[in-house]
Amino acid sequence: MKLIFTFFVFISSLAVTLTFAQTPVVRLKTVTGGLFHPIDLASMDANRHLIGQANGKVRLVENGILNPTPYLDISPLVQDTSYNGIFGLCVHPQFAVNGYLYVQYFRKTDKAAVVARYTRDSLNPNRANPASAQVVFVVPYPTFGHRSGRMAFGPDGYLYITTGDSAPGDRGSIGDPNGYAQNPRSPFGKLFRIDVDKGNPYAIPPGNPFTTPNDSIPDELYAVGLRNPWRWSFDRLTGDLWIADVGQDGWEEVNFTPAGATAPQNYGWRCYEGNVPYVTTGCSATTTYAMPLHTYAGYNNNSNQLASVTGGFVYRGERYPELQGWYIYGDWNAGTIWTLRRNTATGTYQNVQQAASVANLVSFGEGADGELYVLSFNSGTLYQITTDAIVSRQTGDWHTASTWDCACIPSASSRVVVAPGHKVTVGQPAPVRSVRVLGGLRFEGGGVLRY
């Protein structure tokens, strides 16, 4: 179907509705800009989010407004204030009661990764008390290599912390040259689990798999075989663990570990990159590896700039029911976003590339209400993931990104609303899923609107 007009059409309400596809169509709504190299998000409640910045500052976004005063400033402690500052943050499950914020940063004095706990200021709920710092966990990295930096509380109430393999990972180099990720006595390329509600500063949870006395293996160790797990999460409904692990040159991977799986899991690096053998020297033929659920071609194997996976979350919010149960993740280098849904009965999955994208997609975040967010590192922008229609923000051309509130050009999968008082000009073919005109459409130069 097509419409061709040569004059303005003023319609109080025109709705064209088609049957929606079974897969959700993701779009992004800007929440706020003005951040400096944002790196991670932690949610205090449905309306207040903390954003960790690489410069050592934690910012507060409340009801979509960026507070000009940092919630916490530890910039004097970090290695540098452009890239090697804060790597991750999370809040305690009982944050509303105890006000505990956990921050992982790159320490200036010795390059170590430090997990420290800070407490909400008793006189000002919009800031943490910098004097309340308690160092919880330290990994003594020798270089500027892979650190991961992600940490989160699991459904069991324990704090999980991942580390990178500490290698620089230069293109064309051999990854993890020292074989740290497969060595249980090394702290690198690992998943740790600790109980921060007991002990000083923590206790070892029962069920950790490496607690044999005098074996030189850290009792905190929970899983091995990771390269640089740049963002991972627990499904808040099922407890399943999703880990996105950045590849060397060939393959990016998404790992799925069901809730209740026996520890320890071995995610394969460096014996495998994705599900492809990488460096097999010293790898045991009897070891059971947790192979990735999904891989995609990385730097050497594609021409689409895909080069570094950024893990996300399974959507469990209520605002967008069509997203329910879909895992949303992306790629730092290309900005691509995918939705992936696993069939729990068969173990198969559906993976869908979305039209929406984010430049320098550094991290996803989950709100206390299950809604999901995305951070752009270089632009300093916080977006919310939605399935809402694209709405005009001003009078303008259909094919100009600034016309629309998504700062994008609507695609064939988009639902579009022309807001009251706005006049949008179509000067060339414009495929669209549905259009609702509350303002005006003008077709020029043989312009065609297809829907």
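Pro-201 lies in the loop that runs between strand S16 (191–194) and strand S17 (221–224), where helices (H or I, at least four residues) and strands (E, at least two) are DSSP runs numbered from the N terminus. The peptide bond leading from Asn-200 into Pro-201 is cis, with omega near 5°. The model is a predicted one, in which local features need pLDDT of at least 70 and side-chain atom pairs count only at pLDDT 80 or more, whereas totals for chains, interfaces and linings use all residues. Residues are numbered from 1 along each chain as its sequence is written, and side-chain values use heavy atoms, with hydrogens and water left out.

A cis peptide bond also joins Trp-269 and Arg-270, with omega about 5°; Arg-270 is placed in the loop between strand S21 (265–266) and strand S22 (272–273).

In the protein chain as a whole, 1 helix and 39 strands are assigned. The radius of gyration, taken over C-alpha atoms, is compared with a globule rule of 2.2 Å times the number of residues to the power 0.38; because a compact globule of 451 residues would have a value near 22 Å, the 23 Å of the protein chain agrees with it. Along the principal axes, the C-alpha atoms fill a box of roughly 80 × 55 × 40 Å. Of the 451 residues, 55% are buried, a term that stands for under 20% relative accessible area, with exposed meaning over 50% and partly exposed in between (1.4 Å probe, protein chains only). Among contacts (heavy atoms within 4.5 Å) with a separation of 6 or more, 55% are accounted for by residues 24 or more positions apart. The accessible surface of the protein chain comes to about 18700 Å², of which 50% belongs to carbon and sulfur atoms; accessible areas come from the Shrake-Rupley method with a 1.4 Å probe, and for residues only the protein chains shown count as cover.

Two serine residues have positive phi values and are located in loops. Ser-148, with phi near 65°, is found between strand S13 (128–139) and strand S14 (151–153), and its relative accessible area of 1% is why Ser-148 counts as buried. Ser-166, for which phi is near 75°, is found in the loop between strand S15 (159–162) and S16; Ser-166 is likewise buried, because its relative accessible area is 6%.

Thr-387 occupies the loop between strand S31 (381–386) and strand S32 (390–391) and, with a relative accessible area of 4%, is therefore buried. The side chain of Thr-387 makes a polar contact with the side chain of Glu-322 at 2.6 Å, a polar contact being a pair of N or O atoms within 3.5 Å, of which, within protein, one must be able to donate a hydrogen and the other to accept it, while residues adjacent in sequence count only if both atoms are side-chain atoms. When residues up to four places away in sequence are not counted, Thr-387 touches Val-25, Arg-27, Tyr-320, Glu-322, Leu-323 and Arg-415.

With residues up to four places away in sequence not counted, the residues touched by Val-309 include Trp-230, Val-246, Val-254, Tyr-296 and Tyr-329. Val-309 and Pro-209 are 100 residues apart in sequence, and their C-alpha atoms are 28 Å apart in space.
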